[in-house]
Each structure stands twice: as structure tokens, then as C-alpha cells.
Amino acid sequence: MESTLETNETFSKRENLPCIAPLVTTVEETPQIISAKVRGHFPKWLNGYLLRIGPGKFEFGKDKYNHWFDGMALLHQFMMEKGTVTYRSKFLQSDTYNANSIHNRIVISEFGTLALPDPCKNVFERFMSKFELPAMTDNTSVNYVQYKGDYYVSSETNFMNKVDIETLEKTEKVDWSKFIAVNGATAHPHYDPDGTVYNMGNSYGPRGSFYNIIQVPPEKVDLGDTIHGAQVICSIPSAERMKPSYYHSFGMTKNYIIFIEQPLKMNLWKIVTSKIRGKSFSDGINWEPKYNTRFYVVDKHTGQLLPGMYYSKPFVTFHQINAFEDQGCVVIDLCCQDNGRSLEVYQLQNLRKAGEGLDQVYNSAARSFPRRFVLPLAVNLNAPEGENLSPLSYSSARAVKQADGKIWLSYENLHSKDLEEQGGIEFPQINYGQFSGKKYRFFYGCGFRHLVGDSLVKIDVENKTLTVWKEDDFYPSEPVFVPVPGTNEEDGGVILSVVITPNQNKSNFLLVLDAKNFKELGRAEVPVQMPYGFHGTFVNI
């Protein structure tokens, strides 16, 4: 086996990439349920909804969005019942979507697009409007999340929208800041077996910026409850008061929350003045690799921040894979990039390029690879400097105490060279219900030989092998694992993925793979245009 110690991945340049512009282009919604054409078979035990979300509308009137993350949220629902599959989709009727629709222009700013002043106002009014605080978007397009048995669609602002998963109708808009002192929360919460939910959100004030760990109770007290009872159990001050780190997810084990402060910085001054300067929010996010990456560990039962100061060389992570405890250590596995400029890459003008221009964008983008970090929790003041403090014989990850008391972390690669040929991996998923927060063996994700996923990959983290599903001209979405009822085998189940194509002569489809051998069991073809989306979930019915 090749060495799996810390190395810088090299990746081959790609040429003649096919144009994927149709995958990031406005589509029509399909509100009426349509039947899919099943080829092969869908297991009879697989009864439920695959719910997916992502951007589906990229302009209003003459106004166009600049960034992939800006598009209006489109909700997708595949219903599987006794081997049959149906599909429907609806645009989220957010206040943002409705305001933009009524005015037939972009009224509310998004991540990469600044809303321009109302052209009907006079010059003075338009000038003065630059000094009004921008309205916060409620276009929650990133993920489906669950609190107290209800489903919400979420992004990273202070708003979530509760959704009826049967009809895809929005039923309520919920504002985190009405319940706790945070300015938003991630779209990747973690769930305890009893239904308690943990999330993270930032707060900004005169004392500086804080990363807050949020706990939401598992049950409703009243029928109308949303996130009532939410509380902040720990506030971690950011290293720089006016430049907190951007983060998209965090790790959780049975007893701990792991937060990663990475050198992808949000310049609050730039963000607050963005409207006056005629810039979008995204202008205030910068990769600053002069800073190292720091790991924080918090006891989720007491809210106490553990004293260990863990650092590594600079990297960026958007999605954690899993985390668990072993022999007095926290082990956390992450999809990591050595260059934090990938948010800039996903401008729509880049995604819609063709030919040489597209190849250049792809070849300049960072690839994402799975890495394991080991954090020893009880570090003795007398622990020797310069020695590896990790007792884990199965991992080459190192944790070395420095003269200043900090613990320097070096990662273990959870992959072989084969993964470099797949363009790295993103959108990682595991058998979450049975193995989240526990020692595990398998995860699933999308290979990225293009700017969006172009293969499905299963990785065995113990022996670093991978299995790949791919089909030319097709682009699969985040794989969702669904366990076979009654099994406790880690990969006993199926993988669901929505697979789309820019080719108008071919059908998009829902794919079902046997999670064990990664062989196709069936596909359900839908003659409907779909854009490439972000995240989703499976709900049994």
C-alpha cells in the first residue's frame, strides 16, 4: 500500500471538458406529480421520499444572478412506493422569490449578487438607498434539515422555511435570531439518537465575533413549536474580532462537538459596507493562508471548551465525513482543500463556459480529498515535546506537542492515488443513522472530474480502496444512503442519487445502487429538465 502520510496531492490537467451550462440554467417547476419510467428495479422495501434542493432560477426580468449559490431554491421530491417512482418539483415560495417575482427584478441581495436600487426612484432616493441595511434573503436553498420531527429548508442565514414534504409547500418562516442571539446557523446540523439537534451559528457584537454551539430539544412542548427551547451551550471567540472564519459544517461524536476555524475569513467591515461600495457579500470572504487552521473540541453535555490547542497547516473544509472517539482521542475525517478560493470558481459565468475557457477554470480549481485528523484529548502538561501523542496504531495521523504547548496535527490521507484520477471527492455521506459519531468503514461521495460531480464513489477508509459508478455525459448528485430494514451491516442498503445530463436527447433519472457492490439495481427516468443541486435527505413513509 502507498504511504498515506501527509502529502500534497497532484492532479492531472483536464482538456476538452464538455459544457455543462444547461445544468446551471433556469428550469420550469413540475408541480403536478409525474410517473417515472423504471428500468431495472427499485427494491420493494424502499418506500419513501428522496427530497432534494438546489438553485433553479437564475434571473428575474433583465436582472441576472452572478453566483451559483444565488439561484432561487427549487424543491425536488422523488416518491418511491413498492417499486414505482414519481417526481414533482416546486419553487420555494420564499418572501425573496415572491418579492422578486412581483417586481420582475432582483430586489433582495444574495451571496454573490447585489440587488440594485429601484429604477423607479429618483437619483437622490437611489443614492440614499445605498445607506440602508440590506434585507436578508430567505432563499434557503442548501439543505433539508429536521427539528422536532418537522422538515425545514435551510441555508446559512437566520431564516429557515418549514416545508410540508408531501406537497412541497412552505408552511412557515422561522427566524433563529428570535430564539437565540445568533445571526444564522449552518445547513448541516447533527442529530443525537434521541432527536436532540446540535448546530452552530455566529454572533457579532461589541465584544467581537463568536462561534456558537446550539442545542435544540428533541420534542415539542406545544403543537406550534418550531425551534422553541433552542439554547447556546458554548460561545467560542474568533481569533480576530472583525474577521471570523467561514464554515459550512462541523463534527460531532457521542460526547464532543469539533469546530474548525479555518483561514477562509469573513471581513465584517467589507460585508457591512458592501452595499455602499456596490459589492456583494461574497466580496468580503477571503482566503488568508498566512493563518493556520485551528480545531476546537467542546463537551456537548457541559458546554465546556476543552483546553487543548490544536493546529494544522492551512486548509479549507466544507463537509465533514464523520467523527468518533477512540482511546482518549477524537478522530475527525474531513473533505479538505489546500486552496480556499473555490467559492470564487462557482461564478455562473465560469460554470457556463465552454472549450478552453472551461478547462482553465477547472484546472485552476482546488480538489477535495478525504483526510483524517487525530486529536488526543488529555494532553499532560509534562507530555514530551516533538513526539507523536496519538496512540492509534491504525492511523498515520500525528499529533505533536510544540514548545509553546500547542498540538500540531498532521493528517492521514484516507485514499490511494486512484482518487486523484476521479478528481477528488465531495458531498460525503455515511450510514448516518447507525454510524454517525462511531468508528466506521465506508463513506460515499461524488468524484469531481468536472466542476460538478461526474461520478459516484464509495471509499473504504480502512484499506483505502474505492469503487466507482459513472456514465459518460451524466452528472450524479450527492449520494444518499438508505439502510435495508433490519440490518446492522454498515453498507447493507442502497445509494440514491439524482443523475442529470446537459444532453437534451437523454433523460435525467433517479439512480439506485446496491451500496455493497455499487452495482446499479435500477433507474427511474424523468423527462424533465433539472439543474444540478446541493443536498437532500431520504424520509421513510
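A: Here is a walk through the salt bridges, pair by pair. Keep in mind that the model is predicted. Side chains of opposite charge can pair when their charged atoms come close. In this structure, that gives 29 salt bridges.

Let's start with K178 and D175. They form a salt bridge, and their closest N and O atoms sit 3.4 Å apart.

Next up is R441 with E462, where the closest N and O atoms are 3.7 Å apart. This pair links distant parts of the chain, as the two residues are 21 residues apart. R441 lies in the loop between α9 (432–435) and β29 (442–447), and E462 lies in the loop between β30 (455–460) and β31 (465–469). How exposed are they? R441 has a relative accessible area of 29%, so it counts as partly exposed, and E462 is partly exposed too, with 49%. The cut-off for exposed is over 50%, so the 49% of E462 leaves it in the partly exposed class.

Then there's R449 and D454, whose side chains meet in a salt bridge at 3.7 Å, N to O. Here R449 is partly exposed, with a relative accessible area of 24%, whereas D454 is buried at 12%.

Key:
Residues are numbered from 1 along each chain as its sequence is written. This is a predicted model: local features need pLDDT of at least 70, side-chain atom pairs count only at pLDDT 80 or more; totals for chains, interfaces and linings use all residues. Side-chain values use heavy atoms; hydrogens and water are left out. A salt bridge is a side-chain nitrogen of Lys or Arg within 4 Å of a carboxyl oxygen of Asp or Glu. Helices (H or I, at least four residues) and strands (E, at least two) are DSSP runs, numbered from the N terminus. Buried means under 20% relative accessible area, exposed over 50%, partly exposed in between (1.4 Å probe, protein chains only).
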